[in-house]
Amino acid sequence: MHVIITGGAGFIGSQTAEALLARGDTVSIIDAFDFGYDPVHKEHNVSLLSKHEGFRLYRGDIRDRGLLQQMFTDNCPDVVVHLAARAGVRPSLQEPDSYTDINITGTLRIMETMREFKCDRLVFASSSSVYGSRTQGPFRETDNVDTPASPYAATKRAGELFCANYHYLYKMHCTCLRFFTVYGPRQRPEMAIHLFADKIRRGEAITMFGDGSSIRDYTFVNDIVQGVLAAIDTPLGFEIINLGNCSPIRLDKLIDKISTAVGKKPIINRLPDQPGDVPMTFAEVSTAKRLLGYAPDTPLDVGLKAFVDWMNEYDPI
């Protein structure tokens, strides 16, 4: 199988590519190596992927029609995994135009190129953020998602709607995976677990927004990758599917667990809740289990230890 992964040099993309290459698939990735964090981290990820004969890299933007057409001409993919996006809730409030252009226009460019080259299978990375600001869980795929709490969330919901539209118009198989707070090795440096763990091990203060009662369903990257691979292998028409861990935890308890994994006590600066942040995420994953055989099996303590071990090796102090 030949799989194109957009955003394939990133956190989830590089590990999805690695898993596909390990089982013998051919993988082409496109990545712009910009936005959010130092591209040196993506260069490291690509260096690992480049060891595989079936790996191909395209450096560029998913909005570049010519580059997309060249990539599809070279490769004739069986499936596209669309992970490329501007991520993050808080920055999207400051730069909504950029999020709209990359996350919506970029998604349409991908889907139009797929239509042009008669590739009819897409796995789209959506987000638990589409559920908006809620205090009751678990979140089910049939829940109302008409009130996103940030421009980022709105762009992810728009992507789902375009997937539904292209399935209706062109019979494209589109599986939209709503990821719930993914963490683990190669996590972006500005994400909470990476940021907290790094500052705690250096003896620096961390910032906790709110009173610590916000809840997130942290999901280990290996579990997410297994769900993505199952979606790649299973054309379903049009489906929206949660991929989470079903074990939400309070922010203050998460910090306690990170400090245990690091082996140091945290220094905490407390600030008010930030606009766009939601009080909880909590996945219900029976659809993923039924359709994809999805069964997350990494407890948070185990995943945090694996992440801290990786961080200490990758970026020793």
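Analyst: Helices here are DSSP runs of H or I with at least four residues, strands are E runs of at least two, and both are numbered from the N terminus. On that basis the protein has eleven helices and 13 strands. This is a predicted model, so local features need pLDDT of at least 70 and side-chain atom pairs count only at pLDDT 80 or more, while totals for chains, interfaces and linings use all residues. Residues are numbered from 1 along each chain as its sequence is written, and side-chain values use heavy atoms, with hydrogens and water left out.

User: How does the radius of gyration look against the globule rule?

Analyst: The radius of gyration is 19 Å, close to the 20 Å that the rule gives for 317 residues, so the protein is as compact as a globular protein of that length. The radius is taken over C-alpha atoms, and the rule is 2.2 Å times the number of residues to the power 0.38. The C-alpha trace spans about 55 × 45 × 40 Å along its principal axes.

User: And how much of the protein is buried?

Analyst: Buried residues are 51% of the 317. The cut-offs are relative accessible area under 20% for buried and over 50% for exposed, with partly exposed in between (1.4 Å probe, protein chains only).

User: OK, new topic. How many residues of strand β5 are buried?

Analyst: Seven of the seven, residues 121-127, so β5 is largely enclosed by the rest of the structure. Arg 121, Val 123, Ala 125 and Ser 127 are buried on one side, and Leu 122, Phe 124 and Ser 126 are buried on the other.

User: Which way does β5 run against β4, parallel or antiparallel?

Analyst: Parallel: β4 (residues 79-82) and β5 pair over three bridges, and Val 81 stands opposite Val 123. Pairing takes at least two DSSP bridges between the strands.

User: What about β6, how many bridges there?

Analyst: Seven bridges join β5 to β6 (residues 173-179), and these strands run parallel too.

User: Which residues other than glycine have a positive phi?

Analyst: Phe 33 is one of them, with phi of about 55 degrees. Phe 33 lies in the loop between β2 (26-31) and α2 (40-49). Arg 186 is another, with phi near 75 degrees, and its place is the loop between β7 (182-183) and α7 (192-202).

User: Are those two buried or exposed?

Analyst: Buried in both cases: Phe 33 has 11% relative accessibility, and Arg 186 has a relative accessible area of 14%.
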